[in-house]
Amino acid sequence: MKKFFYPALFHIAENGSFRVSFPDIPECHTQGEDLAQAYEMAVEALGQALVDYEKGGRPFPASSDPRAVEGGQGLFLVVIEFDMLAYRRRTNSRAVKKTLSIPEWMNEAAMAINLNFSQVLQEALLSKISEKTVPEKRINT
C-alpha cells in the first residue's frame, strides 16, 4: 500500500495529442487527446503495469532518477505518482466475507448501540494498514 513515482516521457504529436512512455517500464505506453487526459491515462497505465508485475510475482522495476532520463525533440519529462492503496480501493472493492470471533459481552454491547460490524472492522483494518505502511525511497539518487 505504497506510493510509487516513475518518470514518464510525453511526446507531443503533430495534432496536439500526447503519447506517453515509461523508460523504466518499456511495455507501458498510453496516450491522450490533451495533457490532462494523457496524465490521467499515464497514471492508469502505470497502475495496470505495476499490478501485472505484482500478479506475476515479479519485483517492480527500479525508478530512474528523473535527472538521468534523457528526452529528445518534442519530448518532456513528467514524474507520475501512483498510489497503490487508492488504486486498489477504486478497482478492487469487491466484498469478501470473513468469519470472526469476539467475546459475547462485546457483541451484546455493540448490538445495543447499533454498531455496523463490517464498517467498524473496515475502519480498524484501514487504520492498521495505514500505520504499518513505511515510506520507502522511490527514486534512485
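**Figure 1. Glu-44 forms a salt bridge with Arg-90.** Welcome to the first close-up of this predicted model. The closest N and O atoms of Glu-44 and Arg-90 are 2.4 Å apart. Glu-44 belongs to helix 1 (residues 35-55) and Arg-90 to helix 2 (residues 84-91), so this pair ties together parts that lie 46 residues apart in sequence. Glu-44 is partly exposed, at a relative accessible area of 32%. Arg-90 is also partly exposed, with a value of 48%.

**Figure 2. Arg-88 and Glu-54 join their side chains in a salt bridge.** Here the N to O distance is 2.3 Å. The pair links distant parts of the chain, with Arg-88 in helix 2 and Glu-54 in helix 1, 34 residues apart. If you are checking accessibility, Arg-88 has a relative accessible area of 25% and is partly exposed. Glu-54 is partly exposed as well, at 37%.

**Figure 3. A salt bridge brings together the side chains of Lys-3 and Glu-81.** The N to O distance is 3.2 Å in this view. Lys-3 sits in strand 1 (residues 3-12) and Glu-81 in strand 4 (residues 75-83), so to speak two distant parts of the chain, 78 residues apart. Lys-3 is partly exposed, with a relative accessible area of 38%, and Glu-81 is partly exposed at 32%.

**Figure 4. Four strands make up an open sheet in the order 3-2-1-4.** The pairing in this sheet is antiparallel. Strand 3 (25-32) and strand 4 stand at the edges with a single partner strand each, so one side of each has no neighbour in the sheet. From one strand to the next, the twist averages 30°. Strand 1 and strand 2 (residues 18-22) pair in the antiparallel sense over four bridges. To find your place along this pairing, look for Ile-12, which stands opposite Phe-18 in strand 2.

**Figure 5. Helix 1 packs on the sheet.** Helix 1 touches strand 1, strand 2, strand 3 and strand 4. The direction of helix 1 makes about 150° with that of strand 3. Helix 2 lies across strand 1 and strand 4, and runs at about 70° to strand 4. The buried residues of helix 1 include Ala-38, Val-43, Leu-46, Gly-47, Leu-50 and Tyr-53. Among the elements that cover the buried residues of helix 1 are strand 1, strand 2, strand 3, strand 4 and helix 2.

**Figure 6. A look at the length and the ends of helix 1.** How does the span of helix 1 compare with what its residues should give? At 1.5 Å a residue, its 21 residues should span 30 Å, and the end C-alpha atoms are 30 Å apart, which agrees. At the start of helix 1, a side-chain oxygen of Asp-34 reaches to within 3.3 Å of the backbone nitrogen of Ala-36. Following helix 1 comes Gly-57, which has a positive phi, near 70°.

**Figure 7. Ala-42 is a buried residue of helix 1.** The relative accessible area of Ala-42 is 0%. Leaving aside residues up to four places away in sequence, Ala-42 touches Phe-10, Val-20, Phe-22, Thr-30 and Ile-80. Arg-19 is 23 residues from Ala-42 in sequence, and their C-alpha atoms are 9.3 Å apart in space.

**Figure 8. Thr-30, in strand 3, is buried.** With a relative accessible area of 15%, Thr-30 counts as buried because the cut-off is under 20%. Again leaving aside residues up to four places away in sequence, the contacts of Thr-30 are Phe-18, Arg-19, Val-20, Ala-38, Met-41, Ala-42 and Ala-45.

**Figure 9. Asp-65 lies in the loop between helix 1 and strand 4.** Is Asp-65 buried or exposed? Asp-65 is buried, with a relative accessible area of 13%. The side chain of Asp-65 is joined to that of Arg-67 by a polar contact of 2.5 Å.

How values were computed. Residues numbered from 1 in each chain as written. Predicted model: local features only at pLDDT ≥ 70, side-chain atom pairs only at ≥ 80, totals over all residues. Heavy atoms only, no water. Salt bridge = Lys/Arg side-chain N within 4 Å of Asp/Glu carboxyl O. Buried < 20%, exposed > 50% of the residue type's maximum accessible area, 1.4 Å probe, protein only. Pairing = 2+ DSSP bridges. Axes fitted to C-alpha atoms, helices over the stretch in contact; angles between N-to-C directions. Contact = heavy atoms within 4.5 Å. Polar contact = N/O pair within 3.5 Å; in protein donor to acceptor, adjacent residues only side chain to side chain. Expected span 1.5 Å × (residues − 1).
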